[in-house]
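Have a look at the model first, then read on.

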Amino acid sequence: MASEKHSTFAGHLADWSSRASIGELPGEAVTLIKRAFLDTIAVTLSGSQLDSSRIVLGLSEDIGAGDPVASIVGRGRKADLLTAALANGTAAHAELFDDNNEPMISHPSAVLVSSLLALGQKHKVSGREILNAYLAGFEINVGLSRQLNPGYYERGWHVTRTLGLIGATAACCRLIGLPPEAVRHALGIAATMASGMRQNFGTMAMALHAGLTARDAIHAALLAGKGFRSDDEALEGRYGYFNLFAGTVPDLPPLGKDYEIVRSGLIFKPYPSGAPTHAAVDAAIELSGKLNGDTGKISKIICHVHPHNFMTLREGVPRDTLRARVNMQYCIAASLRFGRLDSDQFTMAAVEDQEVARLMAITEMRVSEVLPDNGFFPAALDVLLEGETEALSARYDAPLGSPPRPMSPERMNQKFTRCADGVISSDKAGAAMQFVLALETKSDITALCEMLE
């Protein structure tokens, strides 16, 4: 399993992550990582205003916080390192607006950016150092996911939490310069901290998974840095992480040889809902335009999806806005009704809208045998109208924001501006955007973090 150079699986990950460098990437891949930071900051700003983030932060303050060394995004103050990572990570995933990766079937940047910004602020690291650390964590998480998924995901684990913690811990170790021996122990500590089940999708606990991961990655790295030890085979051992969580031990990933940030990239979200809804939402918005918003004559809606769409989505009538974000029928109905799917469509007023309820009731989900098995949750939508024999139809094999259909830089910037609006001033938002787009040239990220308070 392990090469002659590395006696353990963790040794392989530790050795490479300690040397990971954006200097080996093409320029467009470095730009993509900076876009990941910008997008995650955007959704953290908007998510910071939701109840899940407020509750997490409030409880941390109630039980007593340490030295205020790291900025709480969107809350106008600082907190201790672990509290900041927990609160920011929870906020980053609170609206399901954060990026995805196709082989990971999960959200790489919410945990990486939240942990690295907090830890980097305390240690006053450079922009280049934080980009190197992101690369280390991303490549480990996606490289392992490519081998373990979809079986790992199908077992019910929320990969953002369970596997995301492995890469995020390696990233934190890279950021503070731990030697490979300490990184090995940090990975073992992280492995024993991991948990997070998909049964909690559509609840506040789903966002908490990202917050816990950001916090635990820092905690594991700091413990190892102080000399805390774990088992040498915590990852690949008989009772180790891989056997328990995945039922198999993967091969050593070819880190640094075929970069996943280039190969699979990132999926940026135009809509604050679960990724499996997005291609169907694209179709619904297109058909809403053809109907000029007049949904009253719709008699039936048929949505054709790949079988994998059903692994994540919740069925039935959503009783709150969190459930609505992972409910395909709701997302389709709201998109047809309003011609868009923004934060305004995830309010109780929208969830309780009578026309949305009617459209949900006449929506039928069907598994398609013809949609491609491409990992992008393709969907096709047929809308039947009263008195018409032919349905209006639209199909998208990949959603807007995915590598086959990327969002333009202008639209990405607009998303950032919308998310920041009302949370921080427009001057700070503009300055933060420019800072991130030139991140590799910055000697200290502290100013960026303080702009985001």
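A residue counts as buried when its relative accessible area is under 20%. The model is a predicted one, and in it D282 comes out at 6%, so D282 is buried.

The structure has 19 salt bridges. Here are three of them:

| Salt bridge | N to O distance |
|---|---|
| D51 and R54 | 3.9 Å |
| D216 and R161 | 2.8 Å |
| R405 and D282 | 2.9 Å |

What about D216 and R161? D216 belongs to helix α11 and R161 to helix α8, so this bridge ties together parts 55 residues apart in sequence. D216 is buried at 5%, and R161 is buried at 5% too. R161 also makes a 3.4 Å polar contact with the side chain of T213. Beyond its sequence neighbours within four places, R161 touches several residues, including M193, H209 and L212.

D51 and R54 are a local pair: both are in helix α3 (residues 51-62), three residues apart, or about one turn. D51 is partly exposed at 46%, and R54 is partly exposed at 40%.

Now for helix α10. Residues 180-193 make up this 14-residue helix, which spans 20 Å between its end C-alphas, close to the expected 20 Å. Among its buried residues are A182, H185, L187 and I189. The buried residues of α10 pack against α1, α9, α11 and α12.

Definitions and conventions. Residues numbered from 1 in each chain as written. Predicted model: local features only at pLDDT ≥ 70, side-chain atom pairs only at ≥ 80, totals over all residues. Heavy atoms only, no water. Helix = DSSP H or I, 4+ residues; strand = E, 2+ residues; numbered from the N terminus. Expected span 1.5 Å × (residues − 1). Buried < 20%, exposed > 50% of the residue type's maximum accessible area, 1.4 Å probe, protein only. Contact = heavy atoms within 4.5 Å. Polar contact = N/O pair within 3.5 Å; in protein donor to acceptor, adjacent residues only side chain to side chain. Salt bridge = Lys/Arg side-chain N within 4 Å of Asp/Glu carboxyl O.
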